[in-house]
Amino acid sequence: MKKLLFILIAILFATLVACSGSESGSGSGDSAEGNDSGSGSSGEKMQFYVSGDKVEGAALTTMAEKYTEETGTEIEVVDVPYDDMVTKITNMMRAEEPPALARITGFNPAWQGKLMDLTDVAEANNVRAEMGITVEDELVAPPLDLTAVGMFINKDLFEEAGVEYPTSEDNIWTWEEFVNAIETVTKNTDAQYGMVMDNSEHRLNAFLYQHGSKGFYQEGDEYTTNEETTEALQRFVELNDNTIMPKAVWTAGEDASSMFKSGRVAAYMSGSWQISDFATNITDFEWQSVYMPYEEVRATNLGGNYLVGFEGSGQEEQAKEFIDWLYQKENYEELATHGGYLPVTTDAEVEYEKAPEAYEIYQDEIAATDPIASQQRNELVRKQLVSQRALGSVLAEEMINALNDEQAVEQAVENVKSQMTEAYIE
Amino acid sequence: MNSKLNDKFATTMLTAALFIIALMYLFPIVWLLLSSLKPGNELFSYPLKIFPDNPTLDGYAYSWQTMEFIKYFINTLIVAVVTTVLTVLASASCGFALAKYNYKWLNAFLICMLATTMLPTEVIMNPTFSVILNLNLYDSLAGLVIPSISTATGIFMFRQYFMTVPNDLLESARIDGANEGKIFFQLMLPIAKPVAITLAIFSFQWRWNDYIWPLIVLSDPNKYTVQIALRSIVGADNIDWVLLLSSSIISLVPMIIIFIVFQRYIMDTGATSGIKG
Amino acid sequence: MKDTNKKWAFIFVAANLVLFLLFFAWPALLGVYYSLTEYNGNVATFIGLENYINLFQDPSFYKAMSRTFLYTLIGVPLVYITSLFVSVMLTSNHTKGKNIAKIIFFFPWLVSPIVVGVLWRWMFGESFGFVNFVIQAIGGNPIPWSSNGDFAFIVVLFATAWAGTAFNMLIFIGAIISIPRSLYEAADVDGGSGWQKFWHVTLPSIRSTSFLVILLAVFNLMKEFPMVQSLTNGGPGTDTTFIVQYIYETGFDQMRVGYASAASMVLFVILLVFSLLQFRFAKGGKANE
């Protein structure tokens, strides 16, 4: 027994030593003065929180490695689930241990005043500041990449069914025609569903704009929307009938992308970020980017990520240096090429290696889109930062409940209005 | 004769029923294992095949490369082992005190410990997070170890056990002049070895599979435990099933090894019945 | 002598006492305070009972709460019956290969809640799941396991029973084998059938164990979170969002810490009432032993 006790205590000591060792070795930057970035010392790694980098061909990881090679400053790209990102960073901030950098799509009010002013860096590198988030004349979140919503089709299925699809901007289909087309495809082939759309408010908004909706906007002292929104949402619910669209994608989080990749879905409303993944990973059938259908106006929805640096990480200067480096023409072009991003700097010329024709369609879509798409999103994202309380995807959440027969579409619209009013107007 | 025939019939039927149910329990795991051996394009091919056409370990190689399992295993192991050792010591001493001393405040404390089973961390996550921040335990493995040391179950297991130890044993040791600490470490702890081992195994499993604490305490991926690493795959927008399936299997391996080594103690129902609170 | 003992007693419980104060009493009190404030992680403003008033008018809270109750109400008997059934089979004189079967039934205990979720999600996937494949192969229509709230709920229950059997089975087996043989022999003399023996001998003899299993199961199910998060993530919609996930989402994702704390306090009161009831029953049970 004594022997056993001795062994236990020995293990305890060994692990405690290992424990404290690993802690001091990888602490996330609370030592006040970080190391000189140029010195090439093994110093503290800068942490760069991103989500979805693996899917996007690890473009940021590649760039971070390149940066380390050139400057000796180590950057660790941390891939966290999209849903966990804001929560995670907010928690780290409450603990006063924010990461050095993050690539994000949403904010939390708790970040207010803790984001670095990146105006100079953006200006120096011709970053399109109007696409970023500016608070009190400080550009706190410049755009890192631009994405746009778009439609993919399974070309094999369309050909097998003998259904035409628009090949130029002159013969773009209406939603009516599009739905008829995919219905014919499902009828004439063994396709399981007509289309899938990512479970995302961002994609849904493009659908709404195309139907003449103006989205949700402030009018007087409350948020409201136009009638077309409700009508379009009604149509969306009707499309989710488990024949044209599978309900499970929205209500139960089934993965739209892998359903399309399985080859049994005729069309997929997603966005430009999928191109590089599809080009590499879809081998069983031919896919193609096509012009999105519309009803009232042509519209895509612009999206993409913002790049932020955090005050209080202890590595502010190094973070800024890296951001500056990343936006430099040559590096940025490499990043955009690798990740399949549409550029956000005015002078970048990106030559896409994979599926360049798909990118052209997106450029056309962006050029033809109703201006509402770019304004509204930015405005709402900015609200998340400057309001008392951040709303996540209210519209998506309310619509999920509507799709799940928990409430009527009208009720969902009312809920969105009242929640936005409550959170964004004091 | 007739009854013997009946017996035989009953035995066959019941054994068959038992194994049909057992197979139903086993199947989800087997299915996960079979699927993890399929290459990515076969995983979603239609119609589904039960056995992989081209069994491959590529999925495992892929997840071993993508996920830093060694790191996660080491982190989880540190947390599980340190917590387990401390839990056994703390629970044994506390259980001993609760069983062998008779003070009013000890009884009050016993009731307090009972209350903790009712209000587990899951229920008060938000204030607990503030406490973690205040104690400077955020994003450290110590933040996983320290709060998990105290467990009402462990304390009750030891308390029940020590209640069955005759007081005479203690008294005679006291007469021999041993102090209480010596009595506990040299006399009581050794005789409670079966309880200690059972609790150690349970504690190890709790910590290995723990999710809530690492979820709220950790942020640095270098400190991730296995479960949180898995979460980073499950939570993704586009779940990478090839990665998820093989990673899930890999995450099971250490527990399976523990089970094989300690099977005797785990399945010894005499010991587990001590868990009765 | 007495005084040194008091000192030793204190030393023996010290570690647990400190931990109790730090990680139970402190957060509990803090929770009470937060629940009376509007707190978003930055500043807490005292707002009295407003959180509670809002909470009791919030349909999403009621939904999470009622779903949790329903889950407990169906899940606990399910876990109880399956584990008892398995234990009886494993202690019966009429079964062979007990050791192998026991290991199989015990295996899920090794599997973490996250992986349990993954496992069942993979089995019951709508398009690529094994179960729907079998249903289609025998000519049925695929069942919307994840997009229909009721079916998703059923899958959660399956997973719960599967994962919960192992541990309870061990407790039951321990209790069943300690039932004196003489009781069964007496029943044999009276010519009792297997079912009668189970009903009149086994069940009454393991009464206190049953209470224990039920108590543990209730607590485990009331606070279910990791397994469901990875299995359905509370979906479809919020049909399988149970109370702990609701608290996590309001408190951490939406950063409404005050509101989430109020929900925590309500849950605590419910658990407290339940345990008090349970202990009354359990006392009644022990008196008969």
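Mentor: Over residues 105-121 of chain B, the chain is 82% helix and 0% strand, with 25 Å between the end C-alpha atoms. Helices (H or I, at least four residues) and strands (E, at least two) are DSSP runs, numbered from the N terminus. This is a predicted model, in which local features need pLDDT of at least 70 and side-chain atom pairs count only at pLDDT 80 or more, while totals for chains, interfaces and linings use all residues. Residues are numbered from 1 along each chain as its sequence is written, chains are lettered from A and ligands numbered from 1 in the order in which they are written, and side-chain values use heavy atoms, with hydrogens and water left out.

Trainee: Which residues of chain B does UniProt list for "transmembrane region"?
Mentor: The unreviewed UniProt entry lists residues 12-34, 72-98, 105-121, 141-162, 183-204 and 241-262. Such annotations may be inferred rather than shown by experiment. Residues 241-262 of chain B are 100% helix, and their end C-alpha atoms are 32 Å apart.

Trainee: What domains does the assignment give for chain B?
Mentor: Domain 1 (2-60) and domain 2 (68-275); the bounds come from an automatic or database domain assignment. Their centres, taken over C-alpha atoms, are separated by 34 Å.

Trainee: How many residues does each domain of chain B bring to the contact?
Mentor: Domain 1 brings 10 residues and domain 2 brings 8, where contact means heavy atoms within 4.5 Å. The two domains of chain B bury about 790 Å² between them, 90% of it on carbon and sulfur atoms. Buried area is the accessible area (1.4 Å probe) that two parts lose on being put together, summed over both.

Trainee: And how many salt bridges are counted between those domains?
Mentor: The count is 0; a salt bridge is a side-chain nitrogen of Lys or Arg within 4 Å of a carboxyl oxygen of Asp or Glu.

Trainee: Changing topic, how much area is buried between chain A and chain C?
Mentor: About 1800 Å², of which carbon and sulfur atoms give 41%. On the chain A side, Thr87(A), Arg94(A) and Arg389(A) lose the most area to chain C, together 25% of what that side buries. In contact there are 23 residues of chain A and 23 residues of chain C.

Trainee: Which side chains meet in a salt bridge there?
Mentor: Those of Lys63(C) and Glu406(A), at 2.9 Å, N to O. The count between chain A and chain C is 1 salt bridge.
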